[in-house]
Amino acid sequence: MELHALRNAMLTRWKASLDALCNASEAWGWLVLVVACANVTAFVVNYSNPVVSSDAWYFLDTFVRKALDGTLTIGDYFARRVGLDHAQPLRKLILLGELNYFHLDFRTEAMLGVACALLCLLMIRKVMRWVDGPAVASPVLLWAAAITVVFSLNSSGVWTWPLVCSAYTTYVLLFAFCMTLWRGLANGTLGWLILSALILDLAADDTAMLATAAAWLALGVVALRSPQVRPHAWKCALVLLLCLVVGRIALAMLYHVPDYASMPLGARVAKLASAFVDGGWWQWWAIPLASSVAYILPLQSMVGDGALAVQLVIGALLALAHLWFWWRALRKSPINAPMFVGVLLMLFFYALLAGIIYGRIPTYGNGYLNQSRYVMFYGFNLIALLLMCAGDMRTVQASTRAKGFLVASACIALVALQLPYSAKAWRSAPYGSLYHQKMARQIWYMADHGTLPPEKCLPLLTVCGYSEQTRKDLIHMLQVHRLNVFSPEFQRANRMMRKPPPY
């Protein structure tokens, strides 16, 4: 009896603590934001890769070269490679700024990515609170959880690779698009929707196409549930179609993609079927869902060989959460802004995942789902779930305490997980810096030895696979203009002082 009474007392105290947290002051949310943002900012400043590497060599050859010799045209901002590539005009604008003002130090775009991630979080906060009527509880815990999703070091590779974290410049446009779409749906205001949709279509290429498709489906969900807004939903859908058509025509006029030989559809389908049988039937859903909470690398350092089992459990729990999400989304009751944006983002997450599976799995196999940069994409499913919870709090009664208890516990656990993730990321990051310094030394080596690639050229130095003349031209261009590793300012800022050969 004493044990039973003690257990009941502990549960009562825990529930009381959760009730207090659910109604916590907004100051707690701002505190989480400040701490998380400061942590990621310091991490990026110290450990984001500043050296020209990987895709940056392609941009150096096709864009920076033209910017330096004065032959740059508007079409070059929208140029893209053949295959599953996309136009990146925002990336080119950032690159131009780095060239003109920061000696081509790629940490600049990483810092811009942090700033845009912060803007995304402020917009998420706005959406969570963008409803009429009193809330069952303050959304501060939900916002705190969203902060940790965006600013997580669960996959530190998101923040050490500037090209990846600068994708938040596009996601700012995506969240603005979601907000203006809701405004157009709620009150028929279409001016801002037209502007945001056109900007997204021109700046984000295929990402905009996925977002538009997700928006159409989300509008269909709203029209199904709320007949009174169907006229506005039809108008918004038509506006999105027209903006998409205008955007695609403009992109086609600005740049013509050369013909290329892609994998035949039959071969791609056959490889997908083989990958599905060979573990894809569970990996295609379990890895993305679980990685959004617990990426495999930090999880292995925490639980060792049990990491895969833990991921399966997390993936299964999130799959159940997705079932609840769609049960709630399709119920016959009014939908509000957080719920609508949540539905749109969840559909966008599914579209991104389908694109990865269709475009990458046939070539690289199921293991490619564990790429560290994809954790950023996987996080959209958590943001969507949190938005649905925020909207749900505005429509349910206080009798659903069990659900509130569960949601609050999940948010607290998600926030708490960031402590071991951050600790591991900060411990392992210095090894990444050594890799960046070795890349710099190898570039200097090629500059001093006729641009011949070193025997053990690092994988991220894709310039080693270029023709000898192209390597010579690109490295000579960096030297002449004192850019990146050849800039004294860059060397001092990144503690990469060039030493006399040999390297």
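Predicted model: local features only at pLDDT ≥ 70, side-chain atom pairs only at ≥ 80, totals over all residues.

Q: Why are helix 5 and helix 6 called roughly antiparallel to each other?
A: Helix 5 (residues 107-128) and helix 6 (residues 140-150) pack at an angle of about 155°, with their axes 10 Å apart. The cut-off for the term is over 145 degrees, and helix 5 and helix 6 are therefore roughly antiparallel. The crossing in which helix 5 passes helix 6 is right-handed.

Q: Which residues make the contact of helix 5 with helix 6, and how do they divide by class?
A: Helix 5 contributes A117, L121, L122, I124, R125 and M128, while helix 6 contributes L142, W143, A146, I147 and V150. By class, the contact has 10 nonpolar, no polar and one charged residues. Arg counts as charged, so R125 of helix 5 is the charged residue in this contact.

Q: What makes helix 6 mostly covered?
A: A residue is buried when its relative accessible area is under 20%, and in helix 6 this holds for 11 of its 11 residues. Among them are W143, T148 and V149. In the chain, buried residues make up 49% of the 503 residues.

Q: How do you know whether R107 is buried or exposed?
A: The relative accessible area of R107 is 16%, and the cut-off for buried is under 20%, so R107, which lies in helix 5, is buried. Leaving aside residues up to four places away in sequence, R107 touches V44, V45, S48, N49, P50, A493 and N494.

Q: Why is M111 given the term that it has, with a relative accessible area of 29%?
A: Partly exposed covers what lies between buried, under 20%, and exposed, over 50%; with its value of 29%, M111 is therefore partly exposed. M111 also lies in helix 5, and with residues up to four places away in sequence not counted, M111 touches T41, V44 and V45. M111 and V40 are 71 residues apart in sequence, while their C-alpha atoms are 9.6 Å apart in space.

Q: What makes helix 9 roughly parallel to helix 17?
A: Helix 9 (residues 168-187) and helix 17 (residues 374-393) pack at an angle of about 20°, with their axes 13 Å apart. Because the cut-off is under 35 degrees, helix 9 is roughly parallel to helix 17. Helix 9 passes helix 17 in a right-handed crossing, and Y168, Y171, L174 and F175 in helix 9 meet M376, F377 and F380 in helix 17. The residues of this contact divide into seven nonpolar, no polar and no charged.

Q: Why is helix 14 called oblique to helix 15?
A: Helix 14 (residues 296-303) and helix 15 (residues 307-329) pack at an angle of about 120°, with their axes 9 Å apart. Roughly perpendicular runs from 65 to 115 degrees and roughly antiparallel begins over 145, so an angle of about 120° makes helix 14 oblique to helix 15. Their crossing is right-handed. In the contact, I296, L299, Q300 and V303 of helix 14 meet A307, V310 and Q311 of helix 15, and these residues divide into five nonpolar, two polar and no charged.

Key:
Residues numbered from 1 in each chain as written. Heavy atoms only, no water. Axes fitted to C-alpha atoms, helices over the stretch in contact; angles between N-to-C directions. Helix = DSSP H or I, 4+ residues; strand = E, 2+ residues; numbered from the N terminus. Left-handed = near helix turned anticlockwise from the far one by under 90°. Contact = heavy atoms within 4.5 Å. Buried < 20%, exposed > 50% of the residue type's maximum accessible area, 1.4 Å probe, protein only.
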